[in-house]
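The following explanation leads the reader through a structure, from one residue to the chains and their interface. Please keep the sequence and the coordinates in view while reading.

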Amino acid sequence: MRPWSALVVLVTGALVATLVHEALPALVPRALPELWGMAFSPPDRFGALGPLTGSVAVAALALALAGPVGVGAGIYLGSLAQGTWARLLSGAIDTLTGVPAVVVGFLATSFLLPVLRVVAPAGGGYGLLPAAVALGVMVVPTVEGFAADAMRAVPADLVAGSLALGATLEASVLGVGVAHARRGLSQAVLLGTGRALGEGMAVEMLVGNAPHPPALLAPSQTLTSVLVQQFGLAQPRSLWAHALAVLGILVLALAAGVSALGARRA
Amino acid sequence: MILSRRACALCALGAAALGAAVAGVNVVRGALFALAPGVGGMLAASLAVVILSLAAVAPPALGVARERAWSEPGPVEAWLLLVSATPALIVGMTALVWFVERAGLGFSLVSGALGLALMNLPFAALGALQAVRQDERSAGTGALALGVPEARVFRDIVLPASAGALARVALRAAARAFGETAVLMFTAGVEPASASPRGLMGGSATLAVRLWYLTSQGQGTGAQARACALWLTVIGVALALAGRPREAPVTERGR
C-alpha cells in the first residue's frame, strides 16, 4: 500500500481502535453494574439495554415513516419523472440534504413538540415519536438517492418489453422495473437505517433523555442521546467514560454493520 | 539527502498555505464580528473550522486519489466505504480523546477543525477518487503508456480535467462540516467567543453547537437561536446545492 493510502487507512483504523481501547476496562466481566438493565444513569446504573432498544425503535419508526416516501420518490425520480416536476422534486430533496440535523431538531422542537404536548402533556411531548419524525425527514434524501439509482440501473429493454406487450408506463415501471430493482431498493432502506441509527443531535433534542424504558410519548433514552449528553461530562478514564465508550461501540457496530449489509446487497 | 528538493518545496508551500489560511481566517472572523452582531462570532468560528478542516483534509484525499487513480477498486476503497458510515458522534468522541485530552489542544477551533477533518477524511478521499476516475482517465492512461511519469500525468492531465468534480466534493465536505454539531461540541466547546475575535487556539461555539445548546437549555425560541438556524440553513443549503454532482447526482445525497 502506498503512503497516503496507508496513512488514511491507519488514521481511520486508529479511530475505531481508540474507541475499543477506551471501552476495554468496562468490558471485563461484572465491571459495569446492571449492564443489561433498562436505564443508563451513572454512577450506579449502566444499563445499555434501554438505550439500545430506544435506538432500534426510533430508527425503525423513522424508516417506517421515511421508507415509503423515500422509496416512492426514488422510483418516481429514477424512472417516471420528467421536466419541471422532476426538477422541482429533485431540487426539494437536494435542499433538504443541506439542512443540518440540528436545524431539523430545532424546527421539530419549535413546531412539533407544542402539538404533541397537547396529546401527552405529562411527558412534555418528548419521546421516540418526535425523534422518529425528525429522523425520518433527515433520512428521506438518503433513501431516495439510492432508490433512484437502483431504478436508473434497470435495463431499458425490460420496461420496453412490458410496454410492447400493451402495459401502461406506470404498470411497466411498478410491475417490471420495481421487481428488477428490489435488491437496490432494499439496499436504499438499509443504508437509510444505518444513517438513522448513527444520528445523535436531533434525537437528543427530542427524545427527552430520561432513564426510563422507551416510550412513544414519554421521555426516553437512545444510545446516541446518552452519548451526546454525557460523554463531555464524564471524567476521562472513569468507569462512566469507559461505559459510554461501550455504548459508542454499540452505535458504531449498528450503524456501520447495517450500512455494510446494505452495501453488500448492491 | 533524506528529503528531496521537491519535497522541501512542497512542505514550504504547505506551511505558507496554512499560514495564509490562518491569517485569512482571523481577518474574516474580525469582519464577521462587525457584520453580524449577536451571532457574528459563531458564524466566524463556523467558517474558520470549515476552512481549516478542508485545508487539513485536502492533502491526504488528493494523495489517495493520486495513488489509486489507475487502480481497480480494492480493499482501500472497501475500507473507506465502511468507515465513511462511522457516525459523527463517534468521530467526536475520538477527537475529544485525541486532540483535546491527549494532544493537549483543549477546547479550541484547531481541535474542532482536526475533528472535522477526521470526520470528512473517508468521504473526501472516496469523493476525490471518484472524481479523478470519472474525468479524463483514458487521456491519462494514454500519457502513461507513452512513458510520462505518473505524478506528472496526475498533475498536468488528471487534476485539471477533474478540477470541477473535485471542487464539488470540497463543497459537499464543507456543507457536512458547516452543519456539524456532534464533533464540534466535544472539541471546540459550547460557549461563544467573547466580543472580540480570539485566536484559533481558543474555544468557541459554532452556530450549530450554539443552536443545540440554546434549544437544550429551553431558549430555542429566542432571537439568537432563530438567527443561528437561519444562517445554518442558508449557508448549508447553498453549499449542498453548489456541490451537487453533475452526473448521477442522487448517489451522494444525504451522506
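Apart from its neighbours within four places in sequence, B:Val49 is in contact with B:Leu109, B:Gly112, B:Ala113, B:Leu116, B:Ala177, B:Leu184, B:Ala188 and B:Thr206; two residues are in contact if their C-beta atoms, placed from the backbone, lie within 7 Å. The model is a predicted one, in which local features need pLDDT of at least 70, side-chain atom pairs count only at pLDDT 80 or more, and totals for chains, interfaces and linings use all residues. Residues are numbered from 1 along each chain as its sequence is written, while chains are lettered from A and ligands numbered from 1 in the order in which they are written.

B:Val49 also belongs to the largest nonpolar core, which has 171 residues. A nonpolar core is a set of buried Ala, Val, Leu, Ile, Met, Phe, Trp, Tyr and Cys residues joined through C-beta atoms within 7 Å. A residue is buried if 20 or more other C-beta atoms lie within 10 Å of its own, exposed if 12 or fewer, and partly exposed in between, with C-beta atoms placed from the backbone. The residues with the most contacts inside this core are A:Leu135, A:Ala202, B:Val49, B:Ala128 and B:Leu211.

Chain B contains eleven helices and zero strands. Helices (H or I, at least four residues) and strands (E, at least two) are DSSP runs, numbered from the N terminus. Of the 255 residues in chain B, 55% are buried. Among its contacts between residues at least 6 apart in sequence, 75% join residues at least 24 apart.

Within chain B, the axes of α4 (residues 88–102) and α5 (residues 109–134) come within 9 Å and cross at roughly 135 degrees. Axes are lines fitted to C-alpha atoms, for helices over the stretch in contact, and angles run from 0 to 180 degrees between N-to-C directions. α4(B) is therefore oblique to α5(B); angles under 35 degrees count as roughly parallel, over 145 as roughly antiparallel, 65 to 115 as roughly perpendicular and the rest as oblique. In this contact, B:Ala88, B:Val91, B:Gly92, B:Ala95, B:Phe99 and B:Val100 of α4(B) meet B:Ser111, B:Leu114, B:Gly115, B:Leu118 and B:Met119 of α5(B). By class, the contact has eight nonpolar, three polar and no charged residues. Ala, Val, Leu, Ile, Met, Phe, Trp, Tyr, Cys and Pro count as nonpolar, Asp, Glu, Lys and Arg as charged, and the others, Gly among them, as polar.

Chain A has eleven helices and two strands, arranged from the N terminus as α-β-β-α-α-α-α-α-α-α-α-α-α. Of its 266 residues, 50% count as buried. In chain A, α5(A) and α8(A) pack at an angle of about 150 degrees, with their axes 8 Å apart; these two helices are therefore roughly antiparallel to each other. Among the residues making the contact are A:Leu135 and A:Val139 of α5(A) and A:Leu185 and A:Ala188 of α8(A). This contact has eleven nonpolar, four polar and two charged residues.

A:Leu107 lies in helix α4 of chain A. Because A:Leu107 has 17 C-beta neighbours inside 10 Å, this residue counts as partly exposed. A:Leu107 and A:Ala202 are 95 residues apart in sequence and 9.7 Å apart in space, C-alpha to C-alpha.

Between the chains, 53 residues of chain A are in contact with 53 residues of chain B. α1(A) gives the most to the side of chain A that touches chain B, with eleven residues. That side has 29 nonpolar, 18 polar and six charged residues.
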